[in-house]
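The following questions and answers work through a few local features of one protein chain. Please keep the sequence and the model in view while reading.

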Amino acid sequence: MIKIDYSNVSSKVLGEEFGLNLDEEFAQYSNKIEEAIKNLNFNKDKQGKWLQWMNLGYNEETLWYVKEYAAMVDGRFDNVLVLGIGGSALGARAFCNALLKPYWNMLSKEERNGFPKIFFLDNIDPDEITGLLNVLDLKKTLVNVITKSGSTAETMSQFMIIKDRLQNLLGDDYRKNIVATTDKQSGILRQIANEEGYKTFVVPDDVGGRFSVFSPVGLLPMALVGIDIDEVIDGIKVMDLALKNTDINRNIAAQNALIHYLMDTKKGHYISVMMPYSSRLKYVSNWYVQLWAESLGKEYDKEGNLVNVGPTPIAALGATDQHSQIQLFNEGKHDKIINFIRVDEFDNELEVPKIFEFTGVNYLGGKTINRLINSEADATAVALADFKRPNLTIHLPKVNAYYMAELFYMLEVQTAVAGELYNIDAFNQPGVEQAKNYTYALMGRQGYEESKHRLEEKIGIKTEGDLV
Ligand code: PA5
(Lines give C-alpha, C1' and ligand atoms only; values in the text may rest on other atoms or scores of the structure.)
Protein backbone atom coordinates (compact mmCIF):
# COMPACT_ATOMS: atom_id res chain seq x y z
CA MET A 1 0.00 0.00 0.00
CA ILE A 2 1.02 3.58 -0.47
CA LYS A 3 1.78 5.30 2.83
CA ILE A 4 1.72 8.90 4.01
CA ASP A 5 4.20 10.39 6.45
CA TYR A 6 2.57 13.28 8.31
CA SER A 7 5.28 14.05 10.81
CA ASN A 8 6.02 17.45 9.27
CA VAL A 9 2.51 18.77 9.81
CA SER A 10 2.55 17.98 13.50
CA SER A 11 2.98 20.59 16.24
CA LYS A 12 5.71 18.35 17.66
CA VAL A 13 7.83 19.35 14.65
CA LEU A 14 6.41 22.73 13.65
CA GLY A 15 5.39 24.07 17.07
CA GLU A 16 1.92 25.15 18.20
CA GLU A 17 1.64 28.18 15.94
CA PHE A 18 2.11 26.35 12.64
CA GLY A 19 1.59 22.67 13.41
CA LEU A 20 -1.42 20.56 14.28
CA ASN A 21 -1.84 18.43 17.35
CA LEU A 22 -2.80 15.41 15.29
CA ASP A 23 -3.85 13.13 18.15
CA GLU A 24 -6.17 15.78 19.52
CA GLU A 25 -7.59 16.73 16.11
CA PHE A 26 -8.11 13.13 15.01
CA ALA A 27 -9.94 12.44 18.28
CA GLN A 28 -12.05 15.58 17.98
CA TYR A 29 -13.07 14.86 14.38
CA SER A 30 -13.43 11.09 14.66
CA ASN A 31 -17.25 11.18 14.76
CA LYS A 32 -17.50 13.65 11.92
CA ILE A 33 -15.14 11.54 9.80
CA GLU A 34 -16.97 8.35 10.66
CA GLU A 35 -20.21 9.96 9.55
CA ALA A 36 -18.64 11.30 6.32
CA ILE A 37 -17.25 7.88 5.33
CA LYS A 38 -20.51 6.15 6.23
CA ASN A 39 -22.49 8.69 4.19
CA LEU A 40 -20.28 8.28 1.16
CA ASN A 41 -20.62 4.51 1.21
CA PHE A 42 -24.31 4.63 2.06
CA ASN A 43 -25.09 7.05 -0.78
CA LYS A 44 -22.78 5.71 -3.44
CA ASP A 45 -25.50 3.80 -5.28
CA LYS A 46 -28.12 6.52 -5.00
CA GLN A 47 -29.07 8.34 -8.15
CA GLY A 48 -28.09 11.99 -8.34
CA LYS A 49 -25.42 11.79 -5.63
CA TRP A 50 -22.59 11.70 -8.19
CA LEU A 51 -20.83 8.93 -6.28
CA GLN A 52 -20.80 6.24 -8.95
CA TRP A 53 -17.04 6.74 -9.26
CA MET A 54 -16.83 4.70 -6.07
CA ASN A 55 -18.16 1.69 -7.97
CA LEU A 56 -15.87 1.89 -11.00
CA GLY A 57 -13.45 -0.66 -9.60
CA TYR A 58 -16.19 -3.28 -9.69
CA ASN A 59 -17.53 -2.84 -13.20
CA GLU A 60 -16.39 -6.15 -14.71
CA GLU A 61 -18.54 -5.73 -17.80
CA THR A 62 -16.99 -2.41 -18.80
CA LEU A 63 -13.54 -3.81 -18.15
CA TRP A 64 -14.30 -6.72 -20.45
CA TYR A 65 -15.61 -4.49 -23.25
CA VAL A 66 -12.64 -2.14 -23.04
CA LYS A 67 -10.20 -5.04 -23.21
CA GLU A 68 -12.11 -6.68 -26.04
CA TYR A 69 -12.07 -3.51 -28.14
CA ALA A 70 -8.38 -2.88 -27.40
CA ALA A 71 -7.61 -6.44 -28.52
CA MET A 72 -9.71 -6.01 -31.64
CA VAL A 73 -7.86 -2.88 -32.81
CA ASP A 74 -4.46 -4.16 -31.64
CA GLY A 75 -1.90 -3.69 -34.42
CA ARG A 76 -4.27 -1.74 -36.67
CA PHE A 77 -3.16 1.79 -35.80
CA ASP A 78 0.15 3.57 -35.41
CA ASN A 79 -1.33 6.35 -33.28
CA VAL A 80 -4.06 7.00 -30.77
CA LEU A 81 -5.30 10.58 -30.63
CA VAL A 82 -7.33 11.49 -27.56
CA LEU A 83 -9.62 14.50 -27.92
CA GLY A 84 -10.92 15.69 -24.57
CA ILE A 85 -10.42 18.38 -21.98
CA GLY A 86 -10.38 18.66 -18.17
CA GLY A 87 -11.60 15.47 -16.58
CA SER A 88 -11.89 13.90 -20.02
CA ALA A 89 -8.13 14.05 -20.58
CA LEU A 90 -6.11 14.67 -17.43
CA GLY A 91 -6.43 11.25 -15.80
CA ALA A 92 -5.52 9.17 -18.84
CA ARG A 93 -2.66 11.54 -19.63
CA ALA A 94 -1.30 11.20 -16.08
CA PHE A 95 -1.48 7.39 -16.23
CA CYS A 96 0.10 7.22 -19.67
CA ASN A 97 2.92 9.57 -18.72
CA ALA A 98 3.59 7.53 -15.58
CA LEU A 99 3.29 4.04 -16.98
CA LEU A 100 4.49 4.09 -20.57
CA LYS A 101 8.21 4.01 -21.20
CA PRO A 102 9.54 7.58 -21.13
CA TYR A 103 9.62 9.25 -24.57
CA TRP A 104 7.11 6.65 -25.75
CA ASN A 105 6.25 8.46 -28.96
CA MET A 106 9.91 8.52 -29.98
CA LEU A 107 10.36 4.77 -29.59
CA SER A 108 10.16 2.30 -32.48
CA LYS A 109 7.12 0.06 -32.81
CA GLU A 110 9.18 -2.89 -31.49
CA GLU A 111 10.28 -0.86 -28.49
CA ARG A 112 6.61 -0.04 -27.89
CA ASN A 113 5.83 -3.77 -28.04
CA GLY A 114 3.67 -3.09 -31.09
CA PHE A 115 1.41 -0.62 -29.30
CA PRO A 116 0.58 2.75 -30.86
CA LYS A 117 1.93 6.16 -30.00
CA ILE A 118 -0.48 8.32 -28.02
CA PHE A 119 -1.28 12.03 -28.29
CA PHE A 120 -3.59 14.12 -26.12
CA LEU A 121 -5.12 17.22 -27.64
CA ASP A 122 -6.65 19.10 -24.73
CA ASN A 123 -6.49 22.64 -26.02
CA ILE A 124 -7.68 24.63 -28.99
CA ASP A 125 -4.52 26.41 -29.99
CA PRO A 126 -4.79 26.57 -33.80
CA ASP A 127 -1.01 26.34 -34.16
CA GLU A 128 -0.75 23.24 -31.98
CA ILE A 129 -3.60 21.48 -33.76
CA THR A 130 -2.25 22.36 -37.20
CA GLY A 131 1.21 21.21 -36.14
CA LEU A 132 -0.09 17.89 -34.86
CA LEU A 133 -2.18 17.26 -37.95
CA ASN A 134 0.88 17.96 -40.07
CA VAL A 135 2.85 15.18 -38.40
CA LEU A 136 0.09 12.60 -37.81
CA ASP A 137 -0.94 10.18 -40.52
CA LEU A 138 -4.67 10.25 -39.81
CA LYS A 139 -5.27 7.12 -41.86
CA LYS A 140 -3.26 5.21 -39.26
CA THR A 141 -4.72 7.04 -36.28
CA LEU A 142 -7.47 5.93 -33.96
CA VAL A 143 -9.31 9.01 -32.69
CA ASN A 144 -10.84 8.62 -29.23
CA VAL A 145 -13.15 11.59 -28.76
CA ILE A 146 -14.18 11.92 -25.12
CA THR A 147 -16.84 14.24 -23.78
CA LYS A 148 -19.41 13.36 -21.15
CA SER A 149 -21.70 16.26 -21.99
CA GLY A 150 -21.17 15.66 -25.68
CA SER A 151 -21.12 19.35 -26.40
CA THR A 152 -17.89 20.83 -25.00
CA ALA A 153 -16.85 23.46 -27.56
CA GLU A 154 -13.12 22.70 -27.38
CA THR A 155 -13.50 18.96 -27.88
CA MET A 156 -16.28 19.14 -30.44
CA SER A 157 -14.50 21.75 -32.58
CA GLN A 158 -11.38 19.55 -32.64
CA PHE A 159 -13.50 16.56 -33.50
CA MET A 160 -15.31 18.37 -36.31
CA ILE A 161 -11.98 19.35 -37.91
CA ILE A 162 -10.57 15.84 -37.61
CA LYS A 163 -13.70 13.95 -38.63
CA ASP A 164 -13.93 16.07 -41.76
CA ARG A 165 -10.33 15.28 -42.68
CA LEU A 166 -10.73 11.60 -41.93
CA GLN A 167 -13.78 11.39 -44.17
CA ASN A 168 -11.96 13.15 -46.98
CA LEU A 169 -9.08 10.70 -46.64
CA LEU A 170 -10.95 7.46 -46.08
CA GLY A 171 -14.44 7.95 -47.51
CA ASP A 172 -17.07 5.86 -45.75
CA ASP A 173 -14.40 3.81 -43.99
CA TYR A 174 -13.53 6.78 -41.77
CA ARG A 175 -15.79 5.44 -38.99
CA LYS A 176 -13.33 2.66 -38.20
CA ASN A 177 -10.88 5.34 -37.04
CA ILE A 178 -13.24 6.81 -34.48
CA VAL A 179 -14.26 5.64 -31.04
CA ALA A 180 -16.43 7.98 -28.98
CA THR A 181 -16.72 8.01 -25.18
CA THR A 182 -19.78 9.89 -24.00
CA ASP A 183 -23.07 9.72 -22.12
CA LYS A 184 -25.18 6.65 -22.83
CA GLN A 185 -28.12 8.58 -24.24
CA SER A 186 -27.92 12.34 -24.00
CA GLY A 187 -25.71 14.94 -25.67
CA ILE A 188 -24.80 15.96 -29.18
CA LEU A 189 -21.90 13.52 -29.54
CA ARG A 190 -24.18 10.63 -28.59
CA GLN A 191 -26.64 11.72 -31.25
CA ILE A 192 -23.89 12.05 -33.88
CA ALA A 193 -22.34 8.72 -32.90
CA ASN A 194 -25.68 6.95 -33.19
CA GLU A 195 -26.49 8.53 -36.52
CA GLU A 196 -23.06 7.93 -38.00
CA GLY A 197 -22.50 4.52 -36.45
CA TYR A 198 -19.34 5.00 -34.38
CA LYS A 199 -18.08 2.51 -31.87
CA THR A 200 -18.89 4.03 -28.48
CA PHE A 201 -18.10 3.67 -24.81
CA VAL A 202 -20.18 5.09 -22.01
CA VAL A 203 -19.32 7.58 -19.29
CA PRO A 204 -21.56 6.15 -16.57
CA ASP A 205 -24.32 8.20 -14.99
CA ASP A 206 -23.39 10.07 -11.84
CA VAL A 207 -19.67 10.10 -12.60
CA GLY A 208 -18.31 13.64 -12.99
CA GLY A 209 -15.45 14.32 -15.40
CA ARG A 210 -12.78 14.76 -12.76
CA PHE A 211 -13.80 11.47 -11.10
CA SER A 212 -13.98 9.53 -14.38
CA VAL A 213 -10.44 8.22 -14.81
CA PHE A 214 -11.46 4.66 -13.92
CA SER A 215 -14.37 4.63 -16.37
CA PRO A 216 -13.73 4.12 -20.12
CA VAL A 217 -12.67 7.79 -20.16
CA GLY A 218 -9.34 6.69 -18.71
CA LEU A 219 -9.34 2.92 -19.08
CA LEU A 220 -9.79 2.89 -22.86
CA PRO A 221 -6.78 5.09 -23.76
CA MET A 222 -4.73 3.12 -21.21
CA ALA A 223 -5.73 -0.24 -22.68
CA LEU A 224 -5.10 0.94 -26.24
CA VAL A 225 -1.43 1.54 -25.45
CA GLY A 226 -1.00 -1.67 -23.49
CA ILE A 227 -1.31 -0.51 -19.88
CA ASP A 228 -2.45 -3.39 -17.70
CA ILE A 229 -5.90 -2.23 -16.66
CA ASP A 230 -6.48 -5.36 -14.57
CA GLU A 231 -3.67 -4.14 -12.37
CA VAL A 232 -5.35 -0.72 -12.22
CA ILE A 233 -8.58 -2.33 -11.07
CA ASP A 234 -6.75 -4.37 -8.41
CA GLY A 235 -5.22 -1.17 -7.02
CA ILE A 236 -8.61 0.56 -6.81
CA LYS A 237 -10.21 -2.39 -5.05
CA VAL A 238 -7.53 -2.71 -2.41
CA MET A 239 -7.60 1.02 -1.69
CA ASP A 240 -11.40 1.13 -1.69
CA LEU A 241 -11.49 -1.59 0.93
CA ALA A 242 -8.94 0.21 3.08
CA LEU A 243 -10.80 3.51 2.80
CA LYS A 244 -14.10 2.00 3.88
CA ASN A 245 -12.62 2.04 7.36
CA THR A 246 -14.48 4.69 9.32
CA ASP A 247 -11.73 5.03 11.93
CA ILE A 248 -9.73 8.15 11.12
CA ASN A 249 -6.63 6.57 12.60
CA ARG A 250 -6.74 3.94 9.86
CA ASN A 251 -7.97 5.88 6.86
CA ILE A 252 -5.28 7.85 5.01
CA ALA A 253 -7.73 9.67 2.73
CA ALA A 254 -9.70 10.94 5.71
CA GLN A 255 -6.51 11.91 7.55
CA ASN A 256 -5.18 13.88 4.62
CA ALA A 257 -8.55 15.55 4.00
CA LEU A 258 -8.74 16.61 7.64
CA ILE A 259 -5.15 17.84 7.74
CA HIS A 260 -5.71 19.98 4.63
CA TYR A 261 -9.02 21.27 5.96
CA LEU A 262 -7.55 22.25 9.33
CA MET A 263 -4.43 23.74 7.79
CA ASP A 264 -6.72 25.96 5.71
CA THR A 265 -9.36 26.88 8.25
CA LYS A 266 -7.24 27.02 11.43
CA LYS A 267 -3.79 28.00 10.23
CA GLY A 268 -4.47 29.93 7.01
CA HIS A 269 -2.50 27.42 4.92
CA TYR A 270 -5.01 27.34 2.11
CA ILE A 271 -2.60 26.49 -0.73
CA SER A 272 -2.03 22.82 -1.42
CA VAL A 273 1.07 22.07 -3.46
CA MET A 274 1.41 18.68 -5.16
CA MET A 275 5.07 17.95 -5.79
CA PRO A 276 6.07 14.49 -6.98
CA TYR A 277 9.78 13.72 -7.14
CA SER A 278 9.48 11.88 -10.44
CA SER A 279 9.05 13.20 -13.97
CA ARG A 280 6.83 10.25 -14.73
CA LEU A 281 4.39 11.61 -12.12
CA LYS A 282 4.42 15.16 -13.46
CA TYR A 283 0.83 15.03 -14.73
CA VAL A 284 -0.45 13.61 -11.44
CA SER A 285 -0.13 17.19 -10.20
CA ASN A 286 -2.22 18.57 -13.06
CA TRP A 287 -4.91 15.99 -12.43
CA TYR A 288 -4.86 16.79 -8.70
CA VAL A 289 -5.11 20.51 -9.36
CA GLN A 290 -8.31 20.04 -11.33
CA LEU A 291 -9.75 17.55 -8.87
CA TRP A 292 -9.09 19.74 -5.86
CA ALA A 293 -9.98 23.09 -7.49
CA GLU A 294 -13.22 22.18 -9.25
CA SER A 295 -14.44 20.03 -6.39
CA LEU A 296 -13.70 22.27 -3.43
CA GLY A 297 -13.76 25.85 -4.71
CA LYS A 298 -17.38 26.77 -4.03
CA GLU A 299 -19.45 29.89 -3.41
CA TYR A 300 -22.24 28.30 -1.37
CA ASP A 301 -22.37 25.55 1.20
CA LYS A 302 -24.91 22.74 1.16
CA GLU A 303 -27.45 24.90 2.99
CA GLY A 304 -27.08 27.71 0.47
CA ASN A 305 -25.04 30.05 2.68
CA LEU A 306 -22.48 32.21 0.94
CA VAL A 307 -19.10 30.76 2.01
CA ASN A 308 -16.59 31.23 -0.84
CA VAL A 309 -14.36 28.37 0.32
CA GLY A 310 -11.74 26.22 -1.26
CA PRO A 311 -8.05 25.50 -0.95
CA THR A 312 -5.90 26.59 -3.90
CA PRO A 313 -3.95 23.74 -5.52
CA ILE A 314 -0.58 24.26 -7.15
CA ALA A 315 1.38 21.88 -9.38
CA ALA A 316 5.10 21.51 -8.81
CA LEU A 317 7.75 18.98 -9.75
CA GLY A 318 10.73 17.78 -7.75
CA ALA A 319 13.62 18.20 -8.11
CA THR A 320 13.07 20.72 -10.94
CA ASP A 321 11.04 23.21 -8.90
CA GLN A 322 13.57 23.29 -6.10
CA HIS A 323 15.20 25.77 -8.43
CA SER A 324 12.02 27.72 -8.94
CA GLN A 325 9.26 27.54 -6.34
CA ILE A 326 10.99 26.27 -3.19
CA GLN A 327 12.39 29.70 -2.33
CA LEU A 328 8.79 30.93 -2.03
CA PHE A 329 7.62 27.82 -0.21
CA ASN A 330 10.37 28.21 2.41
CA GLU A 331 10.37 31.94 2.93
CA GLY A 332 7.14 33.34 1.50
CA LYS A 333 3.80 33.62 3.23
CA HIS A 334 2.81 30.96 5.72
CA ASP A 335 -0.07 29.84 3.53
CA LYS A 336 0.93 26.51 1.98
CA ILE A 337 0.95 22.82 2.70
CA ILE A 338 3.20 20.77 0.46
CA ASN A 339 2.39 17.20 -0.62
CA PHE A 340 5.49 15.36 -1.77
CA ILE A 341 5.27 12.09 -3.64
CA ARG A 342 8.39 10.01 -3.17
CA VAL A 343 9.07 6.94 -5.30
CA ASP A 344 10.82 4.42 -3.12
CA GLU A 345 12.08 2.22 -5.96
CA PHE A 346 12.63 3.44 -9.51
CA ASP A 347 12.63 1.02 -12.45
CA ASN A 348 16.17 1.98 -13.41
CA GLU A 349 19.30 2.58 -11.41
CA LEU A 350 21.71 5.11 -12.81
CA GLU A 351 25.16 5.60 -11.40
CA VAL A 352 27.16 8.78 -11.75
CA PRO A 353 30.65 7.83 -12.97
CA LYS A 354 33.67 8.54 -10.80
CA ILE A 355 35.14 11.30 -12.86
CA PHE A 356 36.29 14.83 -11.99
CA GLU A 357 37.77 13.28 -8.85
CA PHE A 358 39.79 16.32 -7.89
CA THR A 359 36.93 18.78 -8.07
CA GLY A 360 34.07 19.80 -5.82
CA VAL A 361 31.65 17.44 -7.59
CA ASN A 362 33.62 14.31 -6.69
CA TYR A 363 31.10 13.48 -3.92
CA LEU A 364 28.62 12.59 -6.70
CA GLY A 365 30.87 10.01 -8.35
CA GLY A 366 29.89 6.42 -7.62
CA LYS A 367 26.50 7.43 -6.19
CA THR A 368 23.23 6.81 -7.98
CA ILE A 369 20.89 9.44 -9.39
CA ASN A 370 18.21 7.45 -7.52
CA ARG A 371 19.88 8.31 -4.25
CA LEU A 372 20.29 11.93 -5.31
CA ILE A 373 16.62 12.52 -6.20
CA ASN A 374 15.35 10.88 -3.01
CA SER A 375 17.94 12.66 -0.89
CA GLU A 376 16.68 15.91 -2.40
CA ALA A 377 13.08 14.95 -1.59
CA ASP A 378 13.99 14.10 2.02
CA ALA A 379 16.22 17.14 2.42
CA THR A 380 13.56 19.51 1.07
CA ALA A 381 10.94 18.08 3.43
CA VAL A 382 13.21 18.65 6.43
CA ALA A 383 14.26 22.11 5.25
CA LEU A 384 10.63 23.13 4.87
CA ALA A 385 9.91 21.88 8.37
CA ASP A 386 12.88 23.92 9.64
CA PHE A 387 11.16 26.95 8.15
CA LYS A 388 7.95 25.84 9.95
CA ARG A 389 6.27 24.94 6.66
CA PRO A 390 3.83 22.02 6.88
CA ASN A 391 4.53 19.22 4.45
CA LEU A 392 3.75 15.56 4.09
CA THR A 393 5.18 12.76 2.00
CA ILE A 394 3.19 10.17 0.09
CA HIS A 395 5.37 7.09 -0.39
CA LEU A 396 4.81 5.25 -3.64
CA PRO A 397 6.68 1.93 -3.45
CA LYS A 398 7.05 1.89 -7.27
CA VAL A 399 5.54 3.65 -10.27
CA ASN A 400 3.24 0.95 -11.58
CA ALA A 401 -0.44 0.62 -12.52
CA TYR A 402 -1.38 -0.82 -9.14
CA TYR A 403 0.10 1.94 -6.99
CA MET A 404 -1.01 4.66 -9.41
CA ALA A 405 -4.59 3.39 -9.04
CA GLU A 406 -4.22 3.34 -5.25
CA LEU A 407 -2.92 6.90 -5.30
CA PHE A 408 -5.64 8.28 -7.58
CA TYR A 409 -8.46 6.53 -5.79
CA MET A 410 -7.12 7.71 -2.43
CA LEU A 411 -7.02 11.30 -3.69
CA GLU A 412 -10.59 11.02 -4.99
CA VAL A 413 -11.86 9.81 -1.62
CA GLN A 414 -9.79 12.47 0.12
CA THR A 415 -11.51 15.11 -2.04
CA ALA A 416 -14.95 13.75 -1.27
CA VAL A 417 -14.22 13.73 2.48
CA ALA A 418 -12.83 17.26 2.26
CA GLY A 419 -16.09 18.28 0.58
CA GLU A 420 -17.96 16.94 3.62
CA LEU A 421 -15.68 18.86 5.98
CA TYR A 422 -16.21 22.10 4.07
CA ASN A 423 -19.91 21.20 3.89
CA ILE A 424 -20.04 21.89 0.15
CA ASP A 425 -21.10 19.90 -2.90
CA ALA A 426 -17.82 18.54 -4.23
CA PHE A 427 -19.42 17.19 -7.38
CA ASN A 428 -20.84 20.23 -9.16
CA GLN A 429 -19.04 23.10 -10.93
CA PRO A 430 -21.46 26.02 -11.35
CA GLY A 431 -18.53 28.45 -11.45
CA VAL A 432 -17.38 27.29 -14.88
CA GLU A 433 -20.74 27.92 -16.56
CA GLN A 434 -20.66 31.71 -16.77
CA ALA A 435 -17.61 31.97 -19.05
CA LYS A 436 -18.93 29.06 -21.13
CA ASN A 437 -22.21 30.91 -21.68
CA TYR A 438 -20.38 34.06 -22.74
CA THR A 439 -18.23 32.03 -25.14
CA TYR A 440 -21.33 30.48 -26.69
CA ALA A 441 -22.77 34.00 -27.06
CA LEU A 442 -19.57 35.22 -28.70
CA MET A 443 -19.66 32.28 -31.08
CA GLY A 444 -23.30 32.94 -31.97
CA ARG A 445 -24.87 29.83 -30.44
CA GLN A 446 -28.65 29.82 -30.36
CA GLY A 447 -30.22 30.13 -26.92
CA TYR A 448 -27.52 32.43 -25.55
CA GLU A 449 -29.13 35.75 -26.49
CA GLU A 450 -29.33 36.82 -22.84
CA SER A 451 -25.58 36.33 -22.38
CA LYS A 452 -24.99 38.19 -25.65
CA HIS A 453 -26.89 41.23 -24.40
CA ARG A 454 -25.09 41.17 -21.06
CA LEU A 455 -21.73 41.06 -22.81
CA GLU A 456 -22.65 43.96 -25.03
CA GLU A 457 -23.83 45.98 -22.04
CA LYS A 458 -20.85 45.18 -19.85
CA ILE A 459 -17.87 45.50 -22.11
CA GLY A 460 -19.24 46.67 -25.40
CA ILE A 461 -18.22 43.44 -27.18
CA LYS A 462 -20.23 43.00 -30.33
CA THR A 463 -20.99 39.35 -30.96
CA GLU A 464 -20.27 38.35 -34.49
CA GLY A 465 -23.05 37.47 -36.90
CA ASP A 466 -26.50 36.24 -36.17
CA LEU A 467 -27.28 33.66 -33.58
CA VAL A 468 -27.58 30.37 -35.37
O1 PA5 B 1 -14.56 17.59 -14.15
C2 PA5 B 1 -15.33 18.08 -14.95
O3 PA5 B 1 -16.54 17.91 -14.86
C4 PA5 B 1 -14.81 18.92 -16.11
O5 PA5 B 1 -13.47 19.16 -16.01
C6 PA5 B 1 -15.10 18.19 -17.41
O7 PA5 B 1 -14.41 16.97 -17.43
C8 PA5 B 1 -14.66 19.04 -18.61
O9 PA5 B 1 -15.31 20.29 -18.56
C10 PA5 B 1 -14.99 18.35 -19.91
O11 PA5 B 1 -16.35 18.06 -19.97
P12 PA5 B 1 -16.93 17.04 -21.00
O13 PA5 B 1 -16.42 15.70 -20.67
O14 PA5 B 1 -18.41 17.15 -20.86
O15 PA5 B 1 -16.46 17.48 -22.36
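Helices, labelled H, are DSSP runs of H or I with at least four residues, strands are E runs with at least two, and both are numbered from the N terminus. The model discussed here is a predicted one.

Q: In which sense do strands S5 and S6 pair, parallel or antiparallel?
A: Strand S5 spans residues 178-182 and strand S6 spans residues 199-202, with four bridges between them; Thr182 stands opposite Val202 in S6. Together with helix H7, residues 188-196, the two strands make a right-handed β-α-β unit. The sense in which S5 and S6 pair is parallel.

Q: How far is an oxygen atom of the ligand from an N or O atom in the side chain of Thr152?
A: The ligand is surrounded by 13 residues, and the closest are Ser88, Thr147, Ser149, Thr152 and Gln290. For an oxygen atom of the ligand and an N or O atom of the side chain, the distance is 2.7 Å at Ser149 and 3.1 Å at Glu294. At Thr152 the corresponding distance is 2.5 Å.

Q: What is the relative accessible area of Thr415?
A: Thr415 lies in helix H14, residues 401-422. Leaving out residues up to four places away in sequence, Thr415 touches Phe211, Leu291, Trp292, Ser295, Leu296 and Ala426. Thr415 counts as buried because its relative accessible area is 0%.

Q: With which side chain does that of Asp205 make a polar contact of 2.7 Å?
A: Asp205 sits in the loop between S6 and helix H8 and is partly exposed, with a relative accessible area of 36%. Beyond residues up to four places away in sequence, Asp205 touches Gln52, Lys148, Asp183 and Lys184. The polar contact of 2.7 Å joins the side chain of Asp205 to that of Lys184.

Q: Which residue's backbone oxygen does the side chain of Asn370 reach at 2.7 Å?
A: Asn370 belongs to helix H13, residues 369-386, and counts as buried because its relative accessibility is 16%. Not counting residues up to four places away in sequence, Asn370 touches Phe346, Asn348, Glu349 and Leu350. The backbone oxygen reached at 2.7 Å is that of Asn348.

Q: How far apart in space are Lys176 and Thr141, C-alpha to C-alpha?
A: Lys176 is found in the loop between helix H6 and S5, and its contacts, leaving aside neighbours within four places in sequence, are Arg76, Phe77 and Leu142. Although Lys176 and Thr141 are 35 residues apart in sequence, the distance in space between their C-alpha atoms is 9.9 Å.

Conventions: Residues numbered from 1 in each chain as written. Predicted model: local features only at pLDDT ≥ 70, side-chain atom pairs only at ≥ 80, totals over all residues. Heavy atoms only, no water. Pairing = 2+ DSSP bridges. Right-handed = clockwise from strand over helix to strand, strands pointing away. Near = heavy atom within 4 Å. Polar contact = N/O pair within 3.5 Å; in protein donor to acceptor, adjacent residues only side chain to side chain. Buried < 20%, exposed > 50% of the residue type's maximum accessible area, 1.4 Å probe, protein only. Contact = heavy atoms within 4.5 Å.
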